[in-house]
Amino acid sequence: MKRRDFVKGIVLASGIVGITPFIPAGKFLVTTFSFKYVRQKIANVNDIPPNNRLLFTYPKTGDIEQDSDPFRKFLLIRLPNGEFKAYSAVCLHLWCIIDYKPDKVDIECPCHGSTYNAQTGVAFKGPASKQFNKTLPEVKLEIDDNGDIYANGVIGVIGYGREGA
Amino acid sequence: MGEKGHKNIGKLLADLYNWVIDRLRRTVLFGIRLVIPKKLLSIHGFLGMLTLVTFIILGVTGVLLAFYYKPSITQAYTSVKLINNEVEFGIIIRNIHYHAANAMLILAIYHLFYQLFSGKYKVRNEVIWITGIITGVLTFLEAYTGYDLILNERGVLAINIGASLTNSVPIIGRTLASILLGFGFSDIILHFYIFHILVIPLLMIIILTIHLPRNLIFDPPVVAVLGGAILIAAGLYPVPLGEGFNPNIPPGITVPEWYITGLYALLRTGIDKFVAGVLLPTLFIVYFLLIPFIDKNKSMSWHDRPLITGLGIAGLAQIALTTVWGFYINPNKVIGLAERLAIDPIQFYIILAIIIAASIIASYVYSIYIHPKISQNRTSNKTVKNFKFTISERAITALVIAAIAIQVILTIYSINSYANKLYNISMISMGASLTIFGFLIHLARIFSAQEGD
Ligand code: FES
């Protein structure tokens, strides 16, 4: 090996070793954290009559800017049979805000007409129903003895759906 | 002082000018040659320069808007409303920015297809062609990220389309979305803002350094008329504020801006979001990038390369058709919304395919059967029109005085209407005055050319 090549090789190796610690820095750009879905009281059973809905903010921070984020908007639905369900209000198609329709007992999107089953959160009509991911993220609900309803975590990714579901 | 002092000052200024120019010769600035044509040329030769001019207008007005704009969910709409309704001249700056963006896109598309049909991507211009296509895509993204910033219903619809398309990319989609958009609207609006005012324009400037040719044709009269046209368009079609987005209220139907309706039409055919919204448009762009390598024909004229010409016409027709189709919503209110918006995919894609076939056939038929006959006729009865246009000195004087008088009237009218809050009329008169200025410089050019004879 010529001396020249040896020096070149050393410089190259040193450069590669020197750069290596910076490679994981690419993670800086990837937002791995989402909102902190802590346990929070969202309503009382008496706030909402059967076959009705309530739009709530979760997790609520108290900051108007943060709380107006559509990604924090969820629909608390009291089905005609009295059961409570809560889904992300962001349509899985192109992210419009969806709403519960008491007369049809389903959830509809005003933008392109995707319609979701209020019992399961699965889209059965419109563009969202044709997607790979067609199940709305669901909020885990807990109701205590006083009838207070708590949200405690979200299953799935807002705007993307429940993966594999 | 008197006569002598006058001369001294003149000499001083001339010396200063020469001194500065001499030093500037050492800078990169003099690598570019700005050619100011001596007579009116076809604008086809410098459409790119006109696009660049709109880019500069956008830069200036954009910086001004950035002094007031706030990239936040709660304040974006109200800050634009403030610019529009309260800030002095805000409505005019905002409208110039909006219409200059439209002008830039139209000019860029025009520029692209002119270069395509005239075969300018040959003769060692391949790199210029490719960087041109990339700049075009960036221009589209720049316009797209811009009009969402107001965060009205229309803007949010566009944000939604873009964000869910990014998420729909297989495998890397979620990570990509996380890098580009963050999580939640608070992040999205901030990211869009940074892309719009910094990342994309910076990329455009960098890529433009390997797109702009060394000789740039800058024609002041045409540039003045372009500025006038933007102002007149701003006065005639001022951009509305729209409804502010409110996550607690479901939005009404809105159609996106005209440069996205094509994409919107593809999405509304109901086939897979990724295929319709990402894959097909990407293939379309890749085809354009590859043109210089597909077309090996030495000839520059379009009728010698019917395949490329046919595909070019097809591309143009497809852009036009999808754009118009995207605006169309079935007015029948009885049927559900999903049905009203749905576009029959079979019909849609068959028509797009027919356009390709028909354009190629038409192009071949033209270049094989029709064009040879026409050129034969042309050579047989060739009459050289040698028409020289001269204006008498008196006519020029009269024209110039009349034009300046009209300009003065328009200016007063413009200021007056601004004071009376008639902003549209104010913008139209400003634009008309600028257009007349363009004609005047052109007249001056004719005049000095005659002088030279
Ligand atoms: S956004 Fe809900 S159907 Fe398109």
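User: How many salt bridges does the structure hold over all chains?

Analyst: The structure, which is a predicted model, holds 12 salt bridges over all chains.

User: Why is the pair A:Lys85 and A:Glu138 called a salt bridge?

Analyst: The closest N and O atoms of A:Lys85 and A:Glu138 are 3.3 Å apart. The cut-off between a Lys or Arg side-chain nitrogen and an Asp or Glu carboxyl oxygen is 4 Å, so the pair qualifies. A:Lys85 belongs to strand 4 (residues 84-88) of chain A and A:Glu138 to strand 9 (residues 138-143) of chain A, 53 residues apart, and the pair thus links distant parts of the chain.

User: What makes A:Lys85 and A:Glu138 buried or exposed?

Analyst: Buried means under 20% relative accessible area. A:Lys85 has 14% and is therefore buried; A:Glu138 has 13% and is likewise buried.

User: Which residues are linked with A:Glu138 in a network of salt bridges?

Analyst: A:Lys85 and A:Arg162 are linked with A:Glu138 in such a network. A:Arg162 forms a salt bridge with A:Glu138, with 3.3 Å between the closest N and O atoms. Because A:Arg162 lies in the segment after strand 10 (148-155) of chain A and A:Glu138 in strand 9 of chain A, this pair ties together parts that are 24 residues apart in sequence. A:Arg162 is buried, as is A:Glu138.

User: What is the relation of B:Asp219 to B:Arg445, and why is the pair said to tie together parts of chain B?

Analyst: B:Asp219 forms a salt bridge with B:Arg445, the closest N and O atoms being 2.5 Å apart. B:Asp219 lies in the loop between strand 2 (215-217) and helix 9 (220-236) of chain B, whereas B:Arg445 lies in helix 16 (residues 423-452) of chain B; the pair therefore ties together parts that are 226 residues apart in sequence. Both B:Asp219 and B:Arg445 are buried.

User: How many salt bridges are counted between chain A and chain B, and how many residue pairs are in polar contact?

Analyst: The count of salt bridges between chain A and chain B is zero. Across the interface, 13 residue pairs are in polar contact. The area buried between the two chains is about 3,000 Å², of which carbon and sulfur atoms give 66%. A:Glu65, A:Leu94 and A:Trp95 supply 22% of the area that chain A buries against chain B, more than any other three residues.

User: How do you know that the aromatic pair of B:Phe284 and B:Phe288 is tilted?

Analyst: The planes of B:Phe284 and B:Phe288 are 55 degrees apart. Under 30 degrees counts as stacked and over 60 as edge-to-face, so this pair is tilted. The centres are 5.2 Å apart, within 6.5 Å, and the rings therefore pair. Being four residues apart in helix 11 (residues 273-294) of chain B, B:Phe284 and B:Phe288 are separated by about one helical turn. B:Phe284 is partly exposed at 28% relative accessible area, while B:Phe288 is buried at 4%.

User: Why is the aromatic pair of B:Phe348 and B:Tyr349 called edge-to-face?

Analyst: The angle between the planes of B:Phe348 and B:Tyr349 is 90 degrees, and over 60 counts as edge-to-face. B:Phe348 is buried at 0% relative accessibility, whereas B:Tyr349 is partly exposed at 23%.

User: What makes the charged end of A:Arg72 sit over the ring of A:Phe35?

Analyst: The charged end of A:Arg72 is 3.9 Å from the centre of the ring of A:Phe35, and the distance cut-off is 6 Å. A:Phe35 also belongs to one aromatic cluster, which includes A:Trp95 and B:Phe183.

Notes:
Residues numbered from 1 in each chain as written. Chains lettered and ligands numbered in written order. Predicted model: local features only at pLDDT ≥ 70, side-chain atom pairs only at ≥ 80, totals over all residues. Heavy atoms only, no water. Phe/Tyr/Trp six-rings, centres within 6.5 Å; stacked < 30°, edge-to-face > 60°. Helix = DSSP H or I, 4+ residues; strand = E, 2+ residues; numbered from the N terminus. Buried < 20%, exposed > 50% of the residue type's maximum accessible area, 1.4 Å probe, protein only. Lys NZ or Arg CZ within 6 Å of the ring centre and 35° of its normal. Buried area = accessible area lost by both parts, 1.4 Å probe. Polar contact = N/O pair within 3.5 Å; in protein donor to acceptor, adjacent residues only side chain to side chain.
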